[in-house]
Amino acid sequence: MSERQESRNRSGHGAGGHGGHHGEHGHGDLDWSVMGPVLEQEAEVSLPLYREIADWAAERGARVPGPVIDAGSGPGVVSALLTEVFPDREVYAVDAEAELLERAADRAHRTGLEGRLRTHRAELPDGLEALPAASLVWAGRSLHHVGDQRAGLAAFGRALAPGGGLVLLEGGLRPRTLPRELGFGRPGIETRLDAAQEEWFEAMRTSLPGTVKEPEDWAALLEAAGLRHVATRTFLLDLPAPVTYETRAHLLSQWQRRLEHAELDAVDRATADRLLDPEDPAGLYHRPDLFLLSAQTAHLAVREK
């Protein structure tokens, strides 16, 4: 899951997730012809963050033969980035949704990457065994859509060649996009949306097949899956006000999705209505103080045997 797994999760977590999907469970009601462009837009806005993480992984990881696997690639924005960071490797965009893989294939065609960016349809964590042993598996916020995360990590590890690396994007901080005081309503509406998103995320996790509840100590879970934890680092996406048109469009979409999962009182609902009103000069369409600040934690591990 690099760009889509966060489709609903981006409704709920949206820190510029891999801009990808990552084999979502129980989301068959989503219209991927609609969500695909949304996920592409989100990933493109977040590309500076992903590039920094990928460069860090390339510097720290061992250089062994084999392709790069983008596990939960969505429409392939990050997959294409990985071909730049690892110019001597093939990259496999792996996702469960055919429509998103079609977008990844189209991106490969448009950018001249057809010989290096390939697609593979599979529901995570299974399906990777059909691919060549990888020098790197990139799991961009896809693992939390697997019920048994420990088993998911083990499956990612089995997809690696000996000495290959796993880049796991899990954890960080929820995005901030507006000042605490908006000039109307009750201050701090984003913090209250965080609480609603946390409830949604827990319900999503609980509903997954085979869900195992355990502490999300990622370093310990990586070690338990037979991988050697190498490093953990948190990266910032800092897009200050005034944002570009593309970033504003992404944030509007993100706010709309966040509000889908929130039960607001009358005051916050009135605030949300104003924020989403395209005619309101204090709304998201026009505010000069709109920004995007988020943090994504990345964990690097290696398969030693």
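When neighbours within four places in sequence are left aside, T119 is in contact (heavy atoms within 4.5 Å) with A93, L101, A104 and A105.

Residues are numbered from 1 along each chain as its sequence is written, and side-chain values use heavy atoms, with hydrogens and water left out. As the model is predicted, local features need pLDDT of at least 70 and side-chain atom pairs count only at pLDDT 80 or more, whereas totals for chains, interfaces and linings use all residues.

The protein contains ten helices and seven strands, where helices (H or I, at least four residues) and strands (E, at least two) are DSSP runs numbered from the N terminus. Of the 305 residues in the protein, 58% are buried. Among contacts with a separation of 6 or more, 77% are accounted for by residues 24 or more positions apart.

An open sheet of seven strands, with mixed pairing, has the order β3-β2-β1-β4-β5-β7-β6; two strands are taken as paired if DSSP finds at least two bridges between them. Strands β3 (117–121) and β6 (228–239) stand at the edges with a single partner strand each, so one side of each is left without a neighbour in the sheet. From one strand to the next, the twist averages 20°.

Strand β4 (residues 134–140) pairs in the parallel sense with β5 over six bridges. Within this pair, W138 stands opposite V167 of β5, and A139 has L168 of β5 as its bridge partner. Strand β4 also runs parallel to β1, to which it is joined by three bridges, with V68 opposite L136 of β4. Seven of the seven residues of β4 are buried, so the strand is largely enclosed by the rest of the structure.

Strand β5 (residues 160–176) is mostly covered, with twelve of its 17 residues buried. Strand β7 (residues 292–302) pairs with β5 in the antiparallel sense over eight bridges, and R176 stands opposite L293 of β7. The pairing of β6 with β7 is likewise antiparallel and extends over eleven bridges; here the bridge partner of H229 is A301 in β7. Helix α6 packs on the sheet and touches β1 (68–71), β4 and β5, its direction making about 140° with that of β5. Axes are lines fitted to C-alpha atoms, for helices over the stretch in contact, and angles run from 0 to 180 degrees between N-to-C directions.

Strand β4, helix α6 (residues 149–158) and strand β5 make a right-handed β-α-β unit. The crossover is right-handed if, with the strands pointing away from the viewer, the path from the first strand over the helix to the second runs clockwise.

Two helix pairs were also examined. Helix α3 (residues 47–60) packs against helix α4 (residues 77–85) at an angle of about 40°, with their axes 10 Å apart. The two helices are therefore oblique to each other; angles under 35 degrees count as roughly parallel, over 145 as roughly antiparallel, 65 to 115 as roughly perpendicular and the rest as oblique. Helix α3 passes α4 in a right-handed crossing, a crossing being left-handed if the near helix is turned anticlockwise from the far one by less than a right angle, and right-handed if clockwise. The contact involves L47, Y50, R51, A54, D55 and A58 of α3 and V77, V78, L81, L82, E84 and V85 of α4.

Helix α2 (residues 32–45) and helix α5 (residues 98–110) pack at an angle of about 50°, and their axes lie 9 Å apart. This angle makes α2 oblique to α5. The crossing of α2 past α5 is right-handed. On the α2 side the contact is made by W32, S33, G36, P37, L39, E40 and E44, and on the α5 side by E99, L100, R103 and R107.

Technical notes
Buried means under 20% relative accessible area, exposed over 50%, partly exposed in between (1.4 Å probe, protein chains only).
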